Amino acid sequence: MKKFIAKRLLLSLITMWIIITVTFLMMHAVPGDPFSKEGRVSPAVYESLNRKYGLDKPLNEQYITYLKNVSKGDLGDSMYSNSESVNQMIKRGAPVSALLGLEAFIIAMILGPILGSIAALYQNKVPDYIMMIIALIGISVPSFILATLFIKFIAQKYGYFPIGGWGTFRHTVLPALALSFMPMASSARLMRSSMLEILGQDYIKTAKSKGISRFRVIMNHAVRNAILPIVSTMGTTLAGLITGSFVIEKIFGIPGLGAFFVTSIGNRDYTLIMGTTIFYSFILIILLLLVDILYGIIDPRIDIAR
């Protein structure tokens with residue numbers, strides 16, 4: 001186990017370095033810079049800002065300096081926020097996006113396998129059709145359409161939940177539901193196909209022939225094995241959700257990480273773009289490592305120590 005974790009940590013560091021390097025080079029390859037828009041600043045201020053953020057130095061020097069700062073955990077100062085550094089902006093926005101994403105993840109990972117299991121157990125029957133219609137809606141209808149419908153028919157018409165904003169649990173319900181529909185639908189379809197395959201295996205038939213109750217066969221043998229493909233996707237799903245949904249956060253007026261990322265792209269805020277990209281990548285890599293370990297725990301046949 002220790003050897004596996006050490007190997008994965010080394011690969012994670014290499015992956016992070018590649019991500020930082022590629023993002024840095026791509027960002028600087030785009031014509032223009034954060035302060036060159038016509039009429040934005042005077043020539044004197046333009047030179048001063050370039051000097052302040054090191055943009056007047058050769059690209060290789062900027063790259064080395066940035067790597068040194070990142071290794072110390074310093075993501076730099078935002079080029080458009082006079083009061084906050086990138087670290088402070090991420091510290092303020094990430095918990096909001098994380099809470100929203102975590103709620104959506106819990107909803108998706110609970111309801112998705114349940115819906116998929118029900119569909120598989122009642123294949124080609126009414127419950128199967130209902131569950132698959134729900135899954136099809138979740139995959140086909142964009143989250144921002146669902147968010148708009150939730151606002152109109154749940155928040156505005158009946159007043160069950162706030163239209164937007166942030167502050168209480170009630171503010172998180174509708175955006176979390178809208179955000180969870182697609183991963184929930186995907187996990188339901190994946191669980192259904194996996195369950196159908198598992199239910200046709202010989203060891204399931206053998207368990208049934210031994211007189212084991214149907215519930216125990218399903219829970220102890222079918223579900224445990226059928227859920228493995230979903231577990232393998234949990235890392236990317238969770239990382240994508242907790243780092244914020246740009247559109248959902250915009251619709252509901254949520255002050256999460258997504259708002260910062262959208263703003264940084266529009267303003268060509270190099271440090272904020274790099275900071276949010278590094279943060280997202282770090283979360284994704286750590287979660288993938290945890291999922292690999294969890295995968296080996298769930299299925300003992302997998303030797304993660306190799």
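Which helices each supply at least two residues of the lining of the second largest pocket? Before I answer, please note that this is a predicted model, in which local features need pLDDT of at least 70, side-chain atom pairs count only at pLDDT 80 or more, and totals for chains, interfaces and linings use all residues. Residues are numbered from 1 along each chain as its sequence is written, and side-chain values use heavy atoms, with hydrogens and water left out.

The answer is H1, H3 and H13. Helices here are DSSP runs (H or I, at least four residues), numbered from the N terminus. H1 gives the largest share of that lining, six residues. Among the lining residues are Leu 9, Trp 17, Val 70 and Phe 282. The pocket has a volume of about 240 Å³.

A pocket is defined on a 1 Å grid over the protein atoms alone, as an open set of points where a 1.4 Å probe fits, with protein on both sides within 12 Å along at least five of seven lines; lining residues have an atom within 4 Å of a point. A volume is the space filled by probe spheres set on the points, which are joined across faces, edges and corners.

I turn now to the largest pocket. Its space amounts to about 440 Å³. Of its 21 lining residues, Tyr 53, Gly 54, Tyr 66, Asn 69 and Thr 271 are the closest to its centre. Helices H1 (2-29), H3 (59-71) and H13 (270-298) are the elements that give two or more residues to this lining, and H3 gives the most, with five residues.
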